[in-house]
Amino acid sequence: MGNIAAVTDAEFEAQVLKSEKPVLVDFWAEWCGPCRQVAPILDEIAGSHGDKITFFKMNVDENPVTPSSYRVTGIPTINVYQGGEVVKTIVGARPKAAILNELSEFIA
């Protein structure tokens with residue numbers, strides 16, 4: 001699945017919540033069509049802005065604990081974490097320009 005590493009429930013605290021940089025987590029599933037639309041867009045953004053923000057994907061079917069603790073009810077859901085807190089949430093498939101606009105404060 002592109003350049004974005006997967007993160008699991010077990011790794012979430014260390015990889016995401018304790019990160020020095022902002023972290024984007026794409027909550028997705030194999031069967032989700034809109035998730036497949038967003039994946040290549042996030043790969044592109046990660047390729048050009050990965051130095052400013054860390055990107056991870058989390059399969060909600062394989063890792064049910066974290067999505068439920070952050071009330072992820074629809075996918076794709078993209079959460080941006082900073083300092084251990086959710087600072088931005090994007091729900092649903094969006095075009096690249098809209099995602100870049102949402103992330104502008106983190107990738108400027």
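**Why we call it that: a disulfide, a helix pair and a threonine**

Mentor: There is one disulfide in this structure, and keep in mind that the model is predicted.

Trainee: What makes the link of Cys-32 and Cys-35 a disulfide?

Mentor: The S to S distance for Cys-32 and Cys-35 is 2.3 Å. The cut-off is within 2.5 Å, so the pair counts as a disulfide. With 80 degrees about the S-S bond, the link is right-handed.

Trainee: Are Cys-32 and Cys-35 buried or exposed?

Mentor: Both Cys-32 and Cys-35 are buried.

Trainee: Okay, helices next. How do you describe two packed helices?

Mentor: You give the angle between their axes and the distance between the axes. For H2 (residues 33-49) and H4 (residues 96-107), the axes come within 11 Å and cross at roughly 35 degrees. That crossing is right-handed.

Trainee: Which residues of H2 and H4 meet?

Mentor: From H2 you have Val-38, Ile-41, Leu-42, Glu-44, Ile-45 and His-49, and they meet Lys-96, Ile-99, Leu-100, Leu-103 and Ile-107 of H4. By type, the contact has eight nonpolar residues, one polar and two charged.

Trainee: And why is Thr-77 called buried?

Mentor: Thr-77 has 3% relative accessibility. Buried means under 20%, so Thr-77 qualifies. Thr-77 sits in strand S4 (residues 77-82). Leaving aside neighbours within four places in sequence, Thr-77 is in contact with residues including Val-25, Phe-27, Val-72 and Ile-90.

Key:
Residues numbered from 1 in each chain as written. Predicted model: local features only at pLDDT ≥ 70, side-chain atom pairs only at ≥ 80, totals over all residues. Heavy atoms only, no water. Buried < 20%, exposed > 50% of the residue type's maximum accessible area, 1.4 Å probe, protein only. Axes fitted to C-alpha atoms, helices over the stretch in contact; angles between N-to-C directions. Helix = DSSP H or I, 4+ residues; strand = E, 2+ residues; numbered from the N terminus. Left-handed = near helix turned anticlockwise from the far one by under 90°. Contact = heavy atoms within 4.5 Å. Nonpolar A, V, L, I, M, F, W, Y, C, P; charged D, E, K, R; others polar.
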